[in-house]
Amino acid sequence: MRVLLVRWRQYQVVLSVAGGRRPCMFCEALNTLLYTKQAGRIESLVCSYRIKTHKSTYIRPTNLLFHPRLSPHTPRMSDNNDQKPEEWDRVLEDEFYQPDEDAIAFFKKETGITDSLELKQHVIRVQKEAFSIFPYPCIRVFGFTWMKFAHLPAYELVLQLGRERKEPLFLDLGCCLGNDLRKLVQDGYPIQYVIASDLRQELWDLGHKLFRSTQETYPARFISGDVFDSSFLAVEPPMPTSSASDLPPVPDLSSINSLNALRGRVSAIYIGAFFHLFSEEKQHFIAKLLAGLLSPEPGSIIAGVQGGAAQKGFWKPTAGTTGFKMFCHSPESWSELWHDVFTEGKGGDGGIEVHGRLRKEIGGDDYFKTYPGNTDPYYVLEWYVVRK
Ligand SMILES: C[S@@+](CC[C@H](N)C(=O)[O-])C[C@H]1O[C@@H](n2cnc3c(N)ncnc32)[C@H](O)[C@@H]1O
């Protein structure tokens with residue numbers, strides 16, 4: 001038996017390896033990784049999940065840390081790029097820290113740090129930690145300082161819901177460090193109705209470090225979970241548009257541990273830089289998940305931004321040389337998708353309007369040196385869906 005210490009995504013994994021057992025799917029992923037990265041074939045890997053399941057004791061794999069909600073067999077990343085794309089694992093460069101005036105004002109107010117240089121050093125320190133959790137380009141390029149949500153056309157509509165609607169639940173799905181929802185709260189949204197959610201609790205916790213708060217001093221409700229875990233979020237048919245009088249009361253947020261408890265109760269959802277992590281089929285599936293959460297009241301809104309294209313299809317910024325690809329919708333195909341979701345494929349408009357526009361992303365054709373030599377620039381689709 002050999003014992004291996006490997007780093008797999010954000011996990012430090014200690015594995016015992018022996019022959020004679022068929023590895024489970026998760027082990028096979030590790031096997032592939034190790035097979036390609038190391039000389040020599042590994043016969044079999046056994047992870048702690050399998051050990052627990054099969055009550056085997058002859059191998060002690062040991063110390064395999066999982067997110068509590070995440071099944072070890074759930075793919076953790078884009079199924080376009082089912083392992084962390086190598087392009088994303090690049091050196092960090094402080095020069096990419098270029099917040100505009102609004103962002104600086106937001107960060108100063110939120111952190112209490114008034115000196116710009118001290119703020120920069122603080123943000124860079126936290127960015128390094130976040131990048132070691134998972135190397136998303138948006139972390140490397142300081143995308144969390146860009147106020148992406150606040151620049152969307154839907155932003156003012158969401159703030160208006162926060163002012164005018166009774167119990168206006170707001171959800172930021174895939175919130176990462178929580179910067180977008182914090183901006184919304186700073187601009188007046190009632191924090192008691194704000195729900196943050198992400199696969200990775202560590203990123204939310206790091207958000208507290210970034211903004212110098214604690215869960216007590218910043219009581220937005222955070223619920224960790226994987227959107228592909230139906231015990232956390234299951235597909236439910238979208239509710240037909242109706243008035244508030246038909247609705248049950250919103251649940252006590254402190255008592256819920258999954259988004260399933262919020263079916264038809266969320267007034268506004270923001271989902272940034274998320275859809276493009278997944279295949280076309282999964283993007284459609286995620287849209288169905290969100291539609292089931294949306295309140296039936298007219299004016300309820302889902303807004304987001306992600307990689308987009310003039311024609312739907314894969315964006316391959318390395319011209320296919322590394323296999324990296326991202327599935328991007330066009331404004332038209334994105335609109336069709338939402339109408340399909342809200343009508344459950346029956347045709348018609350589903351009682352919604354869909355607005356979308358393409359914008360060339362900053363960072364140059366190589367997108368902050370992420371895709372050297374790329375000549376097919378990165379576009380983003382800024383969009384919202386609103387109930388009529
Ligand atoms: C690219 S980051 C975007 C963060 C932020 N929304 C933004 O716009 O900058 C994607 C976020 O989605 C989270 N995420 C990825 N897969 C997820 C899943 N299956 N379920 C829930 N969250 C997921 C990641 O942990 C990460 O925080």
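Colleague: What percentage of the residues in the chain are buried?
Modeller: A residue is buried if 20 or more other C-beta atoms lie within 10 Å of its own, exposed if 12 or fewer, and partly exposed in between, with C-beta atoms placed from the backbone. The chain has 388 residues. By that count, the buried share is 37%.

Colleague: What are the ground rules here?
Modeller: Residues are numbered from 1 along each chain as its sequence is written. This is a predicted model, where local features need pLDDT of at least 70, side-chain atom pairs count only at pLDDT 80 or more, and totals for chains, interfaces and linings use all residues.

Colleague: How many helices and strands are in the chain?
Modeller: Helices (H or I, at least four residues) and strands (E, at least two) are DSSP runs, numbered from the N terminus. The chain holds 10 helices and 11 strands.

Colleague: Which residues of α6 are buried, and what do they pack against?
Modeller: Helix α6 spans 155-164. Its buried residues are Tyr155, Val158, Leu161 and Gly162. They cover an arc of only 120° around the axis, so they sit on the same side of α6; the arc is that of the directions from the helix axis to the C-beta atoms. Their packing partners are β3, α7 (179-186), β6 (266-272) and β7 (301-308).

Colleague: How do α4 and α8 run, roughly parallel or roughly antiparallel?
Modeller: The axes of α4 (residues 116-133) and α8 (residues 201-210) come within 10 Å and cross at roughly 175°. Axes are lines fitted to C-alpha atoms, for helices over the stretch in contact, and angles run from 0 to 180 degrees between N-to-C directions. Angles under 35 degrees count as roughly parallel, over 145 as roughly antiparallel, 65 to 115 as roughly perpendicular and the rest as oblique. Therefore α4 and α8 are roughly antiparallel.

Colleague: And how are α3 and α7 arranged?
Modeller: Helix α3 (residues 101-111) and α7 pack at an angle of about 85°, with axes 11 Å apart. That makes the pair roughly perpendicular.

Colleague: Which residues make the contact of α3 with α7?
Modeller: By class, the contact has one nonpolar, one polar and four charged residues. Ala, Val, Leu, Ile, Met, Phe, Trp, Tyr, Cys and Pro count as nonpolar, Asp, Glu, Lys and Arg as charged, and the others, Gly among them, as polar. From α3 come Phe106, Lys109 and Glu110, and from α7 come Arg182, Lys183 and Gln186.

Colleague: What phi does Glu167 have?
Modeller: Most residues other than glycine have a negative phi. Glu167 is found in the loop between α6 and β3 (169-173). Glu167 is not a glycine, yet its phi is positive, at about 45°.

Notes. Contact = placed C-beta atoms within 7 Å.
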